[in-house]
2 protein chains.
Amino acid sequence: MMDSPVHFEDFYVGQRFTFGHYELTQEEVFEFAREFDPQAHHLDEQAADDSMLRGLSASGWQVGAIAMRLCAEHLLNKTKAAGGAGVEECRWLKPVRPGDILRMEVEILEVTPHPRRPVGFVKMAWNLFNQHEQVTRIVTTPVIATRDAA
Amino acid sequence: MMDSPVHFEDFYVGQRFTFGHYELTQEEVFEFAREFDPQAHHLDEQAADDSMLRGLSASGWQVGAIAMRLCAEHLLNKTKAAGGAGVEECRWLKPVRPGDILRMEVEILEVTPHPRRPVGFVKMAWNLFNQHEQVTRIVTTPVIATRDAA
């Protein structure tokens, strides 16, 4: 990462950050699926091989949670982030498989100050890649404190 | 649930399903946050009280994963579902707190057969409620096998 934004004012449209190295194991895929996404194509290798996804893959919600983890650790926790209202877009472009090594490229899309409170909305794309290609695109808008809030 | 759809052809626009009873504990909120969303307002009660969310709340990704769990268990696992390409909309309308008891109301929004393959796209809203009000709305489009696929 080139610089570490701390306040809302440090973000600008077109800004990019690259970070993260998350190696997904088969045990993690099974564990998450057992708890949150108990569908056969995430739980059973034979069912996964027979499925549209042609092999074992992680739940999309696990992939989103891993993306969240990378962004919290490497970007949002350096700011005073205060949550967000949702996800504008979440596309699972390619299956994420056990053994994949994931990294994140964030692009800032819009920065909008709050009309009254000392925070702003930072709309960003989380582009998640494995070793070969982009696997997921998530667009979300965390609320981040301004300098005045400190 | 009134009936259990099994194939794509069993779904129709306007169809509704209500199910689920998921009681969220504080330990689950902390555990998920430590693994996937290590931001202070999900990890620390004092930081949570001081935050925009005014108290401890679950990561939005945990709420989405719980919604996935309820839908897999009560709806999708009765069909031959084959995954999906993403989430069209995910709105965290209200914080989800430890002690909340969550239930799901699904509404079918669109049903679109695949032009060539024996599957169809079932666009649905997952409306998640606690004891008092709606907390989350997710719109997603699982791919579900037709009768011909069997």
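# Briefing: a predicted two-chain model

In helix α1 of chain A, residues 26-36, the buried residues are A:V29, A:F32, A:A33 and A:F36. Viewed down the axis of α1(A), these buried residues fall within an arc of 100°, so they line one face of the helix. The model is predicted. Its ten-stranded open sheet takes strands from chain A and chain B, and the pairing is antiparallel.

**Helix α1 of chain A**

- The buried residues of α1(A) pack against α2 (40-43) and α4 of chain A, and also against α4 (60-74) of chain B.
- A:E27, A:E31 and A:R34 are exposed, on the other side of α1(A).
- An α-helix has 3.6 residues a turn, so residues three or four places apart point the same way.

**Chain A overall**

- Chain A holds four helices and five strands.
- Read from the N terminus, the order of elements in chain A is β-α-α-α-α-β-β-β-β.
- Chain A has 150 residues, of which 40% are buried.
- Along the principal axes, the C-alpha atoms of chain A fill a box of roughly 55 × 25 × 20 Å.
- Of the contacts in chain A between residues at least 6 apart in sequence, 72% join residues at least 24 apart.

- Strands of a sheet pair through backbone hydrogen bonds, either parallel or antiparallel.

**Contact between chains A and B**

- The contact involves 29 residues of chain A and 29 residues of chain B.
- On the side of chain A that touches chain B, α4 (60-74) and β2 (81-92) of chain A each supply at least two residues.
- β2(A) gives the largest share of that side of chain A, with nine residues.
- By class, the side of chain A that touches chain B is made up of 17 nonpolar, eight polar and four charged residues.
- β2(A) and strand β2 of chain B, residues 81-92, run antiparallel and are joined by four bridges.
- Across from A:V87 stands B:C90, in β2(B).

**Strand pairing within each chain**

- Within chain A, β2(A) is joined by seven bridges to strand β5, residues 134-145, and the two run antiparallel.
- A:E89 has A:V139 of β5(A) opposite it.
- In chain B, ten bridges link β3(B) with β4(B), and these strands run antiparallel.
- β3(B) and β4(B) make a hairpin, with five residues between them.
- B:E107 faces B:A125 of β4(B), in that it stands opposite.
- β4(B) and β5(B) also run antiparallel, joined by nine bridges.
- Four residues lie between β4(B) and β5(B), which form a hairpin.
- B:G120 stands opposite B:I144, a residue of β5(B).

**Helix α4 on the sheet**

- In chain A, α4(A) lies across β1, β2, β3 (101-113), β4 (119-129) and β5, and runs at about 120° to β1(A).
- In chain B, α4(B) packs on the sheet and touches β1, β2, β3 (101-113), β4 (119-129) and β5.
- The direction of α4(B) makes about 120° with that of β1(B).
- From its first C-alpha to its last, α4(B) reaches 21 Å over 15 residues, close to the 21 Å expected at 1.5 Å a residue.
- Of the 15 residues of α4(B), 13 are buried, so this helix is largely enclosed by the rest of the structure.

**Residue B:Q134**

- B:Q134 is found in strand β5 of chain B, residues 134-145.
- Apart from neighbours within four places in sequence, the contacts of B:Q134 are B:L93, B:N127, B:L128 and B:F129.
- B:E105 is 29 residues from B:Q134 in sequence, and their C-alpha atoms are 9.6 Å apart in space.

Conventions:
Residues numbered from 1 in each chain as written. Chains lettered and ligands numbered in written order. Predicted model: local features only at pLDDT ≥ 70, side-chain atom pairs only at ≥ 80, totals over all residues. Contact = placed C-beta atoms within 7 Å. Nonpolar A, V, L, I, M, F, W, Y, C, P; charged D, E, K, R; others polar. Pairing = 2+ DSSP bridges. Buried ≥ 20, exposed ≤ 12 C-beta atoms within 10 Å, placed from the backbone. Arc of directions from axis to C-beta. Axes fitted to C-alpha atoms, helices over the stretch in contact; angles between N-to-C directions. Expected span 1.5 Å × (residues − 1).
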